[in-house]
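Please keep the structure open beside you as you read the points below.

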Amino acid sequence: QAEHKQDFLRQQSQALADQLNELKLVIETLAGADGKLFGSVTSLQVANRLNEKGYDIDRKRITLDDIRETGEYTATIHLHKQVKAAVAIEVIRKEG
């Protein structure tokens, strides 16, 4: 019974991971002309952007590199002990 439930949860997590792997999030943030950010991109910003797209992911499940410049990055989302998703992130400079 418990093994069946774990298998079901893993399958659900894998289906979600397949959807998340296809996503590309664009995060606009303040940055200097050289592309250096005023601060950094956080897991909370990624979680909020995912939420806007209809995915309810706790920020504690998101692992990011230290993002301090504009460019393309990957966030790892831990959905299940055996399932992870990689979400593409593009950090761009906010105009104005």
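1. Start with helix H1 (residues 2–21), where Arg10 and Asp7 sit three residues apart, about one turn of the helix. Helices (H or I, at least four residues) and strands (E, at least two) are DSSP runs, numbered from the N terminus. The side chains of Arg10 and Asp7 meet in a salt bridge at 2.9 Å, N to O; the term stands for a side-chain nitrogen of Lys or Arg within 4 Å of a carboxyl oxygen of Asp or Glu.

2. A word on the basis: this is a predicted model, in which local features need pLDDT of at least 70 and side-chain atom pairs count only at pLDDT 80 or more, while totals for chains, interfaces and linings use all residues. Residues are numbered from 1 along each chain as its sequence is written, and side-chain values use heavy atoms, leaving out hydrogens and water.

3. Next, look at Glu90. Its side chain meets that of Lys24 in a salt bridge (3.5 Å, N to O). This pair links distant parts of the chain, with Lys24 in strand E1 and Glu90 in strand E6, 66 residues apart. Lys24, Glu72 and Glu90 are linked in a network of salt bridges.

4. E5 and E6 form a hairpin with two residues between them.

5. Finally, visit Arg49 and Glu52, whose side chains meet in a salt bridge of 2.7 Å, N to O. In total, the structure holds six salt bridges.

Notes:
Two strands pair if DSSP finds at least two bridges between them.
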